[in-house]
Structures are given as C-alpha cells and as structure tokens.
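Colleague: I am new to this structure and would like to learn how to read its main features. Could we go through them one at a time?

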Amino acid sequence: MMEIALPSLGLEPQDFHLGVLQTYDPMRIVFLGPPGSGKGTQAQRLKDYLQIVHLSTGEMLRQAHEAGTTLGIEAARFMNAGQLVPDDMVVRIVADRIRENDCQRGCLFDGFPRTVPQAQALDQLLTQRGTPLNLVIALEVSEPLLVERLLARGRADDDQQTIRERFRQYSRQTQPLLDYYASRGVLARIVAEGCPDDVFEQIRAAVETAAGAPK
Ligand code: AP5
C-alpha cells in the first residue's frame, strides 16, 4: 500500500480509515456468490473504494443484448432461461476486456468465473500477463433471503421459475469453485446477510489483509 502525507493534504488519520485516498498496488479480485447475494452491490462499492475496473459478465451480456449484437442475442436465450451462457462466449468477452489499458490498474470480476473451465481460463489469462488473482470473495446468504431480494428487485430474470433454475446452476456449476479457490489459499468467505455497509466493512477488511495492509 502507498502512503500519502496527511498534513500536505489537510487530512486527518480517520480519513484513511474511511478509505479516503487509500491506494493499493493493482489487485485482481473475484466476487463469487449465488444470485442475489450482493455481488453487484458490493463490487460497485469496492470499485469506488479501490478505483479499479468493475467487470460484470452479467452486465456485459445484458449490454450486448441491448445493443443487438449476435453474441448478445444468443446469450439472452440462456439468460432468460436461468442457464449459464456457454463458457467460450463468456471467456471471449472477458479476454477482450482485460486487454484494455484500464485493467492494468486492477480488476474486480463480478459473476466470473462461474465454472471450473472459466476459472482455468482466467488463471491462464492472468498468468500470461504476470498478474495472478489476489483474492476471491465468496458472499454467503441463505436461500429464503436471496429469493426475497430477487423478487423485490424484479429484473427480467427474477421470476420464481428462473430464480430456481439460477440457484440450481449455481450449486451445480459454480459452488465447486469454492474448493478450487480454497485450495489455492485465496478464498475469503463472508456472511452477507447484514446491511450493505456491514457487508462492505467485512470485504474491506479482507481486501486489506490480502493487500498486506494494517487493519
Ligand atoms: P448476473 O447479472 O451475474 O446475475 P446473478 O449472478 O444471478 O446475480 P444477481 O445480479 O442476481 O445478484 P448479485 O449477487 O449481483 O446481487 P445484487 O447486488 O444485484 O448474471 C445473469 C445471467 O447472466 C446468469 O444467470 C447467466 O445466464 C449469465 N452470466 C453472467 N455471467 C456469466 C458467466 N460468467 N458464465 C455464464 N453465464 C453468465 O443484489 C440483488 C438485490 O439485493 C438488489 O436489489 C440489491 O439492492 C439487494 N441487496 C444486495 N445486497 C443487499 C444487502 N446486504 N441487504 C439487502 N439487500 C441487498
């Protein structure tokens, strides 16, 4: 972590505690968690805190659909059924995105990877660049609370039947990634049932531990 002289900026030590002007070496962080666990909500906050790129594959696919691209139209068939978009399509859009310059300052992966082949592809992409993953944050929320949050939000894929299928896909295809990353020593599990501020405080602590900074 880089330190900035406080007096010259007219700041007090508590400003640093709040995250004002905290700067870290570039980090690569993955958000894992079932639908509705708060990946998007917390990734947005962490993006603002760390000033790094937030890369949400769900958002990228929805934007591709809105733009009417072939990939977006094809992806929407899977998304509307609550199924995962095929690995090769998702890996392609992530590989293109992380080649852009702004990703050199670090990257938050929200909703990617979601399968073991995607995790292997990400490892390969990052290893080629000499910038491995620093941290995987797994958000844990009970299923009844997840359903409550998703129904209250009401996105196109938030109806009862699609939510059920999304949960099924998560437990079959994404949950194995918890072991995958635990065995690599980069996994932080966070109970994400409290209010967004409380959840973020736990995430901030996990990031500081991974960055090697004092809490
Ligand atoms: P994606 O957009 O990634 O959706 P998801 O994983 O189902 O996640 P959600 O956006 O539903 O939930 P979230 O965890 O981000 O929670 P959020 O912060 O929004 O993917 C959509 C689809 O795209 C997939 O089903 C798949 O088809 C495809 N796709 C995407 N990536 C893919 C990949 N890598 N491979 C293959 N296919 C892929 O919060 C949810 C709600 O809860 C919000 O209303 C929020 O305000 C509220 N909330 C959040 N935190 C709290 C809190 N602490 N307390 C109270 N309310 C809260």
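This is a predicted model: local features need pLDDT of at least 70, side-chain atom pairs count only at pLDDT 80 or more; totals for chains, interfaces and linings use all residues.

Colleague: In what order do the 5 strands form the open sheet?

Modeller: The general idea is that strands of a sheet pair through backbone hydrogen bonds, and that they do this either parallel or antiparallel. Here the order is β2-β3-β1-β4-β5, and the pairing is parallel. Because β2 (53-56) and β5 (187-191) stand at the edges with a single partner strand each, one side of each has no neighbour in the sheet. From one strand to the next, the twist averages 20 degrees.

Colleague: How should I read two helices that meet, and at roughly what angle do the axes of α4 and α5 cross?

Modeller: Two packed helices are described by the angle between their axes together with the distance between those axes. For helix α4 (residues 57-66) and helix α5 (residues 70-79), the axes come within 7 Å and cross at roughly 120 degrees, which means that α4 is oblique to α5. The crossing of α4 and α5 is left-handed. On the α4 side the contact is made by Leu61, Ala64 and His65, while α5 brings Leu71, Gly72, Ile73, Ala75, Ala76 and Met79. By class, the residues of this contact divide into 7 nonpolar and 2 polar, with no charged residue.

Colleague: Is the crossing of α3 and α11 left-handed or right-handed?

Modeller: The crossing of α3 and α11 is right-handed. Their axes come within 10 Å and cross at roughly 55 degrees, and the two helices are therefore oblique to each other. The contact joins Thr41, Gln42, Arg45, Leu46 and Tyr49 of α3 with Pro196, Val199, Phe200, Ile203 and Arg204 of α11. In this contact of α3 with α11, there are 6 nonpolar, 2 polar and 2 charged residues.

Colleague: Finally, how many residues surround the ligand, and which are the closest?

Modeller: The ligand is surrounded by 30 residues, of which the closest are Pro35, Gly38, Gly40, Gly58 and Gly111. The elements giving two or more residues to this shell are α3 (39-50), α4, α5, α8 (143-153) and α11 (196-211). By class, the shell around the ligand divides into 13 nonpolar, 12 polar and 5 charged residues.

How values were computed:
Residues are numbered from 1 along each chain as its sequence is written. Axes are lines fitted to C-alpha atoms, for helices over the stretch in contact, and angles run from 0 to 180 degrees between N-to-C directions. Helices (H or I, at least four residues) and strands (E, at least two) are DSSP runs, numbered from the N terminus. Angles under 35 degrees count as roughly parallel, over 145 as roughly antiparallel, 65 to 115 as roughly perpendicular and the rest as oblique. A crossing is left-handed if the near helix is turned anticlockwise from the far one by less than a right angle, and right-handed if clockwise. Two residues are in contact if their C-beta atoms, placed from the backbone, lie within 7 Å. Ala, Val, Leu, Ile, Met, Phe, Trp, Tyr, Cys and Pro count as nonpolar, Asp, Glu, Lys and Arg as charged, and the others, Gly among them, as polar. A residue is near a molecule or strand if its C-beta atom, placed from the backbone, lies within 6 Å of it. Two strands pair if DSSP finds at least two bridges between them.
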